[in-house]
Amino acid sequence: MSPSRRKGEYLHNARERFTGEVLKDPLFWVSLAIVVYAGIRALNGGVGFKYDAEFAKWSLHRPDVEILPGCVDGAGFLPFACCVALLVLLQGLRHSLDRKATLAFAFALTVLAGLSSIVACLMLSNGAEAALAMQNCDYANPSFAGTAYGVCFVVGVATVFSAIDEKAGIAAALASVFSSGAIASALILFAPQFTVCVFLFAGLAVAIVYFAAMGRKIAGSRSLKYVIALLILAAFVALPLVMCDDGSALAARRDQVLSLQFFPKGLFELRDVLSGISLKVWKGGPWLGSGLGSFPLDMRSVASQTDWAVATPFQTASVNGWWQLLVERGVVGALFVACALGVLIWTFVRKAFFLRERRSLRGIHFAGCAVLLALVALAFVDCSFLRADVLLSASAAFALATAAIPVRIKVNSEDIEEVR
């Protein structure tokens, strides 16, 4: 309730400005429409197999109200909560926080994700069932927790640079480095090989682009800090691969990574089969889709005997996220996602034109683009971007990148740089 204040503003002025900016923001109205749409979908359950006594067979039942978007019973409430959280998160990052506050948010996100990573790795080393389920990376019934850690890793790399740039102190810099390192370890242990490579490359790309953009602006002493920070991160990346006892779950994961087999055998054949099934299902309900969480049920009602020779009975997710988006949410749901993403990209590009001084460049500016490109690439081999945790963390990363860009504003007829 207390947005960051600009120069010469009182708190009530800042609140009035924030309210006005939110009401003029097209993303707010798109997000509000998404929340309403997701709420209707969460309430309109009923999708599932039901026994038809008249014909003595099981059939796939559509939503209770067929003209409205629906879902499998209970599958729509978490996405609805995610949409509400996204509306608050995006508006807060876009209009409420100044540059220092956005960097503090990125720091908090990195540290909390680092703590989560440490807990998850300890659970895995002790054989906890929840952690072993998170490690499941067979593309049949996958857990995409590793993808969420990958998004946080890219933000963490940018946060390390920000902590050094802003001279936040040795404690903040070390906390960012060690948290990012812990996230890297969780990424390696909980994500498929291809996902690991994509996000490690995205983090490296953020560092390379940042150094290339800054050029000679980086002083010698600060360069040494960057090198030390990146070496510590590299050590954390290597730690899960060398510090594992034989026979443990960590050692098994290490062997998978070191095998350099990025995709499981037969993945692309399975992908083609599931894409064909998805096309058949989507034609049955192109506008609203078949319902959230319905893909496994649709697959069992449409797949042929030839398809089952490739797919497994335990297949619960598509191997192509774009098809699963269309199958479960339809054209209308896909358009909502495209509109929200389009507004974010448009805002980022528009504000980036104001970034005329190279000294204003920061690692967080590149992190959002790196995360977006990584998820677009992964969407062709999994549907991880549809998960609530991935969607929230990725949206936060891109909104942070936009909010951290300074723009020019007028205060008392004087041009100043807004710390936003």
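Phe314 is exposed, with a relative accessible area of 63%; exposed means over 50%, buried under 20% and partly exposed in between (1.4 Å probe, protein chains only). Phe314 sits in the loop between helix 13 (305-308) and helix 14. The model is a predicted one: local features need pLDDT of at least 70, side-chain atom pairs count only at pLDDT 80 or more, and totals for chains, interfaces and linings use all residues. Residues are numbered from 1 along each chain as its sequence is written, and side-chain values use heavy atoms, with hydrogens and water left out.

**The chain as a whole**

- The protein chain has 16 helices and four strands. Both are DSSP runs numbered from the N terminus: helices are H or I with at least four residues, strands are E with at least two.
- Of its 420 residues, 50% count as buried.
- Take the contacts in the protein chain with a separation of 6 or more: 76% of them join residues 24 or more positions apart. Contact means heavy atoms within 4.5 Å.

**Phe314 and Phe295**

- The C-alpha atoms of Phe314 and Pro296 are separated by 8.7 Å, and these residues are 18 apart along the chain.
- Phe295 lies in helix 12 (residues 295-302). Phe295 is buried, at 1% relative accessible area.
- Leaving aside neighbours within four places in sequence, Phe295 is in contact with Leu274, Ser278, Thr316, Ala317, Ser318, Gln324, Val327 and Glu328.

**Val155**

- Val155 belongs to helix 6 (residues 145-165). Val155 is buried, with a relative accessible area of 1%.
- Not counting residues up to four places away in sequence, Val155 touches Ala106, Leu109, Thr110, Ile364 and Ala397.
- Val155 and Val371 are 216 residues apart along the chain, yet 8.4 Å separates their C-alpha atoms.

**Helix 15 with helix 16**

- The axes of helix 15 (residues 363-378) and helix 16 come within 7 Å and cross at roughly 140 degrees. Axes are lines fitted to C-alpha atoms, for helices over the stretch in contact, and angles run from 0 to 180 degrees between N-to-C directions.
- Helix 15 passes helix 16 in a left-handed crossing. A crossing is left-handed if the near helix is turned anticlockwise from the far one by less than a right angle, and right-handed if clockwise.
- From helix 15, Ile364, His365, Gly368, Cys369, Val371, Leu372 and Leu375 meet Val390, Ala394, Ala397, Phe398, Leu400 and Ala401 in helix 16.
- By class, this contact of helix 15 with helix 16 has 11 nonpolar, two polar and no charged residues. Nonpolar covers Ala, Val, Leu, Ile, Met, Phe, Trp, Tyr, Cys and Pro; charged covers Asp, Glu, Lys and Arg; the others, Gly among them, are polar.

**Helix 14 with helix 16**

- The axes of helix 14 (residues 321-352) and helix 16 (residues 388-403) come within 9 Å and cross at roughly 25 degrees.
- Helix 14 is therefore roughly parallel to helix 16. Angles under 35 degrees count as roughly parallel, over 145 as roughly antiparallel, 65 to 115 as roughly perpendicular and the rest as oblique.
- The crossing of helix 14 and helix 16 is left-handed.
- Leu344, Ile345, Thr347, Phe348 and Lys351 in helix 14 meet Phe398, Ala401, Thr402 and Ala403 in helix 16. These residues divide into six nonpolar, two polar and one charged.

**Helix 1 with helix 3**

- Helix 1 (residues 11-24) and helix 3 (residues 77-96) have axes that come within 10 Å and cross at roughly 125 degrees. That makes helix 1 oblique to helix 3.
- The crossing of helix 1 and helix 3 is right-handed.
- Arg17, Phe18, Glu21 and Val22 in helix 1 meet Gln91, His95 and Ser96 in helix 3. The classes here are two nonpolar, three polar and two charged.

**Aromatic rings**

- Rings of Phe, Tyr and Trp (its six-membered ring) pair if their centres lie within 6.5 Å; planes under 30 degrees apart count as stacked, over 60 as edge-to-face and the rest as tilted. By this rule the count comes to eight aromatic pairs.
- The rings of Trp282 and Trp323 have centres 6.4 Å apart and planes at 65 degrees, so this pair is edge-to-face.
- The pair links distant parts of the chain: Trp282 in helix 11 (residues 267-284) and Trp323 in helix 14 are 41 residues apart.
- Trp282 counts as partly exposed, at 23% relative accessibility.
- Trp322, Phe380 and Phe385 form one aromatic cluster.
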